[in-house]
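Subject: Structure handover

Hello,

Here is the structure we talked about handing over. Please keep it open while you read the notes under it.

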Amino acid sequence: GIRMAEDLRDRNPDAYRLLRDVKIPSRYFDDEWDIRFSRPVLTEDARGEPVEVNWNRHLTDVLDLDPEESIAYYRAYRAFLALTYEPRYRFELKSRPGDVFAFNNRRTLHGRTAFDPNTGARHLRGCYVDWTDMMGRIRVLQHRLKP
């Protein structure tokens, strides 16, 4: 994801700027959760380098942009989406029962390929750790380890 953001910045600076500057509303809700947030697709650090990719088409809520900005935004969105199909940004592997994968969900895009349901069952269990919770726990543990 970060490499794609860097390449988009080089190839299409206007698209990169829109994905960096326009905050997109996201929403997920069910019987137990009602999560709402608004953030740009691309986030930079203080040096202007991309450090996060917030890309989840399934959580994107209704965009409230003026028509001109909407057209430009969707062009930028499609430019970034096109990169996800380029083989050079892909790493594919076949998992086996019991495999565990860990990655930073804000730097690495991930997905699954299609499969034939007649060849067996497919089950993937996800576990998400909130970054602020994890960093807080690390700080507490570091404090406890100091002499």
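Predicted model: local features only at pLDDT ≥ 70, side-chain atom pairs only at ≥ 80, totals over all residues.

Residues are numbered from 1 along each chain as its sequence is written, and side-chain values use heavy atoms, with hydrogens and water left out.

Salt bridges

A salt bridge here is a side-chain nitrogen of Lys or Arg within 4 Å of a carboxyl oxygen of Asp or Glu. Counted by this rule, there are twelve salt bridges.

One of them joins R3 and D7, with 3.3 Å from N to O. Both residues sit in helix α1 (residues 2-11), four residues apart, which puts about one helical turn between them. Helices are DSSP runs of H or I with at least four residues, numbered from the N terminus. The two partners differ in burial, where buried means under 20% relative accessible area, exposed over 50%, and partly exposed in between (1.4 Å probe, protein chains only). R3 is exposed at 52%, whereas D7 is buried at 11%.

A second pair is E86 and R11, whose side chains meet at 3.1 Å, N to O. E86 is partly exposed at 23% relative accessible area, and R11 is partly exposed at 46%. The pair also belongs to a network of salt bridges that links R11, E86 and R88.

R27 and D34 form another salt bridge, with their closest N and O atoms 3.1 Å apart. R27 is partly exposed at 27%, as is D34 at 44%.

Nonpolar core

A nonpolar core is a set of buried Ala, Val, Leu, Ile, Met, Phe, Trp, Tyr and Cys residues joined through side-chain atoms within 4.5 Å. The largest one has 21 residues, and L8, L19, L42, Y73 and F80 have the most contacts inside it. Helices α1, α2 (13-21) and α3 each supply at least two residues of this core. The largest share, five residues, comes from α3.

What does L8 touch, leaving aside its neighbours within four places in sequence? With contact meaning heavy atoms within 4.5 Å, L8 meets P13, A15, Y16, L19, L42, A79, F80 and L83.

Regards
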